[in-house]
Amino acid sequence: MRSLEALTLDQVVDTARYPLPELASARGEAVVARARRDLSALGCTVLPDFIRPALRDVLRQECAAIAPRAHHDAETVNVYNIAVDSALPEDHPGRKTFERGNAFVARDRIPADSLISRLYSDTVFRQFIARCFELPELHELADPLSGLVLNVVAPGMEHPWHFDTNEFTVSMLTQQAQDGGVFEYCPNIRTARDEHFDDVRDVVDGRGERLTRRLPLQPGDLQLFKGRYSLHRVSPVRGRIARHSAIFAYSERPGVIGSVERTRQLFGRVLPEHLAAEGRAVRGDRLLD
C-alpha cells in the first residue's frame, strides 16, 4: 500500500459507491438524494463502508494510538448540558441527571497526517457533507481544540442522553466496543420552536421505547446526524474494548470557536483563542441548549 501521505481521496473513500468528486453525476445525485431523504425523515443517515476495507485497520490503529491522549473527566450532567442545579420545575426532564464518562481527544493532539485529519480538511469531502445537509457551504471550525475530535467511551462508561449544540453532526466509528456502546436516538423529538418536554421526560425516565431507534454501526461507516433536535446517547460499554468514534464538526459560517465553559468541560483546558472569542457566539434558536 502507498504511504498515507500519498493517498488521494478516492483511495481512502469508496468513490465507486460514493462518487464525491462527481456529485453532479447521476450516481452522485442519487447518493445525495438518499442522504437528504433520510435526514428529513429520520434526522440521520448512514453511509456504510465509506472508508475502503483495506484502510479500516489503519483507521482503527491510528485512533487507538491517540485514544490515551483523551481528557477524562466523569461528571454529572443532564440532557441539556446546563447546570444540574438550575431552577427548573419539579417534573422538568432537565432535573434528571446522568454520569457522563466519555472522553475526548482534542484536535491539536490528533496528527495532521492521520486519516481522520486528512478527511476532515478535504475540500471535496466538506462540499459533499454540505450538499447532503442542503447547505450552500461549510467551514472547518476555527477552534484549535474542537472541529475534529476523537470520542472515547471506555469499558464501564457511557455517553448519556443529550442534545448537540450544533444542528448537525458528522461522525465515523473507528473501533467497536466488545459489547454495548450502541448508538440510540430519538428522531426529531423536538423542533426549533417546541422542546416537547413530555416526550423527552419519557425517554430519560425509561419510558421512551416508542420514540427510540438503535443504529448498528461498523468501523468506517459515515454517519450524518441532526443532533440538535434528536435526543441521543451511546449506551454503556461493556467488555475490555473501548468504543472510538471520530467527530467532524463544521459550521455554516467561518471563524466559529467554542465557549470557554464548554471547552474546559470537554478538554480540561482553554487556549487564548477561546478567551478572545468569549461572548461573541450567536445562537440560531431559543432552545434550552
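This note goes through a predicted model point by point.

1. Ground rules. Residues are numbered from 1 along each chain as its sequence is written, and side-chain values use heavy atoms, without hydrogens or water. The model is predicted, so local features need pLDDT of at least 70 and side-chain atom pairs pLDDT 80 or more, while totals for chains, interfaces and linings use all residues.

2. Thr-15. This residue sits in the loop between helix 1 (9–12) and helix 2 (26–42). Helices (H or I, at least four residues) and strands (E, at least two) are DSSP runs, numbered from the N terminus. Thr-15 is buried, at 14% relative accessible area. Buried means under 20% relative accessible area, exposed over 50%, and partly exposed in between (1.4 Å probe, protein chains only). Beyond four places in sequence, Thr-15 touches Asp-10, Leu-20, Pro-21, Arg-27 and Arg-52. Contact means heavy atoms within 4.5 Å.

3. Cysteines. The structure holds zero disulfides. For Cys-44, the nearest cysteine sulfur is that of Cys-132, 12 Å away. That is too far for a bond; a disulfide is a pair of cysteine sulfur atoms within 2.5 Å. Cys-44 is buried, with a relative accessible area of 5%. Cys-132 is buried too, at 1%.

4. Main core. The largest nonpolar core has 50 residues. Such a core is a set of buried Ala, Val, Leu, Ile, Met, Phe, Trp, Tyr and Cys residues joined through side-chain atoms within 4.5 Å. Phe-50, Leu-119, Phe-125, Phe-128, Ile-129, Leu-222 and Phe-248 touch the most other members. Helix 5 (residues 123–132) gives the most to this core, with five residues. Another core, of 12 residues, lies apart from it, and includes Val-77, Ile-189, Val-200 and Val-204.

5. Phe-50. Leaving aside neighbours within four places in sequence, Phe-50 is in contact with residues including Leu-119, Phe-125, Phe-128 and Leu-222. Its contacts also include Asp-14, Gly-220 and Asp-221.

6. Strand 10. Which residues of strand 10 (residues 183–186) point one way, and which the other? Phe-183 and Tyr-185 share one direction, and Glu-184 and Cys-186 take the other. All are buried. In a regular strand the side chains alternate between the two faces of the sheet.

7. Strand partners. Strand 10 pairs with strand 11 (residues 213–215) in the antiparallel sense over three bridges. It also pairs with strand 13 (residues 231–234), again antiparallel, over four bridges. Two strands pair if DSSP finds at least two bridges between them. Phe-183 stands opposite Leu-215 in strand 11 and opposite Val-234 in strand 13.
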